[in-house]
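The sequence and the structure are shown first, and the notes follow by topic.

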Amino acid sequence: PAMAVALGLGVLFGVLSARSRRMEGPVADLDRALARHEFKPYFQPIFDLETRAIKGCEILARWQREDGSVVPPMNFIPLAESSGRIQAMTWHLLERALSDLRPHLRANKDFKLSLNVVPKHLLSAGFVETLRRTVLSARVSTRQIVVEVTERDELDDLARAAAVVAELRDYGFRVAIDDVGVGHSGLSRLKGLGANTIKIDKFFVDTITLDASTTTIVEMLVTLARDLHMTVVAEGIETEEQVRALMACGVQEGQGYLVGAPLPVAKFIELLGARCNK
Ligand code: C2E
Ligand code: CA
Ligand code: CA
Ligand code: CA
């Protein structure tokens, strides 16, 4: 019997240590962070290049750890995506952002809130319905929400992606294609998706004042967008020179450190207030 007990304890110990081993590692860290609400939305202003009025903002995820350090999205979004945690994280960020900005959203019906959604999530069952329910239960208009989706392999099934985009637009949501110009965004696919907005990647903003071929590409994207009744947002604007070059190409809206970096909610609301009182 002593043998059996020892064996039993050994097995039990094995099971327990296997379990505790499973509780370690980066995915367990993510789960703990989700449970502790350590993922916070930061907000980056999107502005009119000419008037500098703030037209909306993009939600950018930050992981605020217990020790006060802030982890950038590059260090957790890929893992969240591969481990299937991205959905829960995205809904948490949206709920949080809606509650953070609700007074501002309700008082300024033209103000738009942009949310990054990975293609796999966009195409998953129930996405549109959950989005709609979340936005409506915050008593915010669907017209004020922009879904930003990066065009990647997962959107290869253009017909399916276009159907989801059409469904979103039927409900009043807006859709932006993110990081256009890098990666997979072929022109026919930009067209076929049926989005409202294209976001030109920072790479082009970085090179527009240095490289004539960038100007040609941006002008081409603006022409395409105009034909398809899409708006254009340029991201990563740091200098006035870049603003002038982008405006010369016909770009109307932008985002970048020149007007504002991604900010925690209190700082972002301060920025909005400072602008409105001018
Ligand atoms: P993105 O969607 O292209 O976001 C723009 C990135 O450029 C942000 O980096 C932003 O902080 C940065 N940026 C904006 N203006 C400037 C500028 O003037 N200069 C410079 N140097 N950088 C600027 P961030 O916040 O580190 O996010 C990186 C990427 O992580 C995002 O790229 C997006 O793809 C992803 N990401 C962030 N939050 C989320 C999220 O909630 N969900 C998903 N699925 N992806 C997210
Ligand atoms: Ca984005
Ligand atoms: Ca982007
Ligand atoms: Ca980008």
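The model is a predicted one.

- Helix 11 spans residues 240-248, and Gln242, Val243, Ala245 and Leu246 are buried in it.
- Viewed down the axis of helix 11, these buried residues fall within an arc of 165 degrees, so they line one face of the helix.
- An α-helix has 3.6 residues a turn, so residues three or four places apart point the same way.
- Arg244 and Ala248 are exposed, and they sit on the face of helix 11 that is turned away from its buried side.
- Gly250 follows helix 11 and has a positive phi, near 95 degrees.

**The chain as a whole**

- The protein chain contains twelve helices and nine strands.
- It has 278 residues, of which 45% count as buried.
- Taking contacts between residues at least 6 apart in sequence, 69% join residues at least 24 apart.
- The chain exposes about 14,000 Å², and carbon and sulfur atoms supply 56% of that area.

**The calcium ion (ligand 2)**

- Glu58 (OE), Asn116 (OD1), Glu148 (OE) and Asp178 (OD) coordinate the calcium ion (ligand 2), at 2.2 to 2.3 Å.
- Along the sequence, the donor residues of this ion have the spacing E-x57-N-x31-E-x29-D.
- Distant parts of the chain are linked by the pair Glu58, in strand 2 (residues 54-64), and Asp178, in strand 6 (residues 174-180), which are 120 residues apart.
- Asp178 also forms a bridge between the calcium ion (ligand 2) and the calcium ion (ligand 3), which lie 3.6 Å apart.
- Asp178 counts as buried because its relative accessibility of 7% falls under the 20% cut-off.

- Glu58 is located in strand 2.
- With a relative accessible area of 4%, Glu58 is buried.
- The side chains of Glu58 and Lys199 are joined by a polar contact of 2.9 Å.
- Neighbours within four places in sequence aside, the residues in contact with Glu58 include Tyr42, Phe43, Gln44, Ile46, Ser114 and Gln255.
- Asn116 and Glu148 are also among the contacts of Glu58, and both are donors to the calcium ion (ligand 2).

**The calcium ion (ligand 4)**

- The calcium ion (ligand 4) is coordinated at 2.3 to 2.5 Å by Asp179 (OD), Asp201 (OD) and Glu235 (OE).
- The spacing of these donors along the chain is D-x21-D-x33-E.
- Asp179 coordinates both the calcium ion (ligand 4) and the calcium ion (ligand 3), which are 3.4 Å apart.
- Asp179 lies in strand 6 and Asp201 in the loop between strand 7 (197-200) and helix 9, so this pair ties together parts that are 22 residues apart in sequence.
- Asp201 counts as buried, with a relative accessibility of 14%.

Key:
Residues are numbered from 1 along each chain as its sequence is written. Chains are lettered from A and ligands numbered from 1 in the order in which they are written. This is a predicted model: local features need pLDDT of at least 70, side-chain atom pairs count only at pLDDT 80 or more; totals for chains, interfaces and linings use all residues. Side-chain values use heavy atoms; hydrogens and water are left out. Donors are N, O and S atoms within 2.8 Å of the metal (3.2 Å for Na, K and Ca); water is not among the atoms, so sites may look incomplete. Helices (H or I, at least four residues) and strands (E, at least two) are DSSP runs, numbered from the N terminus. Buried means under 20% relative accessible area, exposed over 50%, partly exposed in between (1.4 Å probe, protein chains only). The arc is that of the directions from the helix axis to the C-beta atoms. Contact means heavy atoms within 4.5 Å. Accessible areas come from the Shrake-Rupley method with a 1.4 Å probe; for residues, only the protein chains shown count as cover. A polar contact is a pair of N or O atoms within 3.5 Å; within protein, one must be able to donate a hydrogen and the other to accept it, and residues adjacent in sequence count only if both atoms are side-chain atoms.
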